[in-house]
Amino acid sequence: MIGLDRLDRYVARIFLGSWLASTVLFVGLFGVVDFFSKVGELIEHSNSAGAGLGVIGRMYLCRVPGIFVQVAPFVVLMSGLF
């Protein structure tokens, strides 16, 4: 067949849903662990900058692609297992 049949679309939809859930879970978990391991430094730098949570938020927003590269193999594995 040229197009995707119903079963292929169903499997792809289930896989993409579990991939998205796994991505959010692993990136969030990595971010929380990283935040608590560096909380002292982050508070010190945010007080000196005067911006508080904005500095911390922007820093983690810039780090998300690097975090994703580190957790991508685990995301694909967990998506396949789901």
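Leaving aside its neighbours within four places in sequence, with which residues is Val71 in contact? Val71 touches Phe26, Val27 and Phe30 when those neighbours are set aside. The model described here is predicted.

## Overall architecture

The secondary structure of the protein consists of three helices and zero strands. Read along the sequence, these elements follow the pattern α-α-α. Helix H1 covers residues 6-37, and helix H3 covers residues 53-81.

Of the contacts in the protein with a separation of 6 or more, 76% are between residues 24 or more positions apart. The protein has 82 residues, and 18% of them count as buried. Its accessible surface comes to about 6,300 Å². Carbon and sulfur atoms account for 73% of that surface.

In soluble globular proteins, nonpolar side chains tend to be buried together. The largest nonpolar core in this model has five residues, namely Phe26, Val27, Ile67, Val71 and Val75. Helices H1 and H3 each supply at least two residues of this core. The largest share, three residues, comes from H3.

Val71, the subject of the opening question, is a member of this core. Two of its contact partners, Phe26 and Val27, are listed in the core as well.

Is Ser79 buried or exposed? Ser79 counts as buried because its relative accessibility is 2%, and the cut-off for a buried residue is under 20%. Leaving aside its neighbours within four places in sequence, Ser79 is in contact with Phe15, Ser18, Trp19 and Ser22.

## Salt bridges around Asp34

Side chains of opposite charge can pair when their charged atoms come close. The count for this model comes to two salt bridges. In one of them, Lys38 is paired with Asp34, and the closest N and O atoms are 3.4 Å apart. Asp34 is buried, with a relative accessible area of 10%, whereas Lys38 is partly exposed, with a relative accessible area of 29%.

Arg63 also forms a salt bridge with Asp34, the closest N and O atoms being 2.6 Å apart. This pair links distant parts of the chain: Arg63 belongs to helix H3 and Asp34 to helix H1, 29 residues apart. Arg63 is partly exposed, with a relative accessible area of 29%. Through shared partners, the salt bridges join Asp34, Lys38 and Arg63 into one network.

## Aromatic pairs

A pair of aromatic rings is described by the distance of the centres and the angle of the planes. How many aromatic pairs does the structure hold? There are four aromatic pairs in the structure. The rings of Phe35 and Phe36 have their centres 5.3 Å apart. Their planes stand at 70°, so the pair is edge-to-face; the cut-off for this class is over 60 degrees.

The two residues of this pair can also be described by their accessibility. Phe35 is partly exposed, with a relative accessible area of 26%, whereas Phe36 counts as exposed at 59% relative accessibility. Ring pairs link Phe35, Phe36 and Tyr60 into a cluster.

Conventions. Residues numbered from 1 in each chain as written. Predicted model: local features only at pLDDT ≥ 70, side-chain atom pairs only at ≥ 80, totals over all residues. Heavy atoms only, no water. Salt bridge = Lys/Arg side-chain N within 4 Å of Asp/Glu carboxyl O. Buried < 20%, exposed > 50% of the residue type's maximum accessible area, 1.4 Å probe, protein only. Helix = DSSP H or I, 4+ residues; strand = E, 2+ residues; numbered from the N terminus. Core = buried A, V, L, I, M, F, W, Y, C linked by side-chain atoms within 4.5 Å. Contact = heavy atoms within 4.5 Å. Areas by Shrake-Rupley, 256 points an atom, 1.4 Å probe, with all protein chains shown as cover. Phe/Tyr/Trp six-rings, centres within 6.5 Å; stacked < 30°, edge-to-face > 60°.
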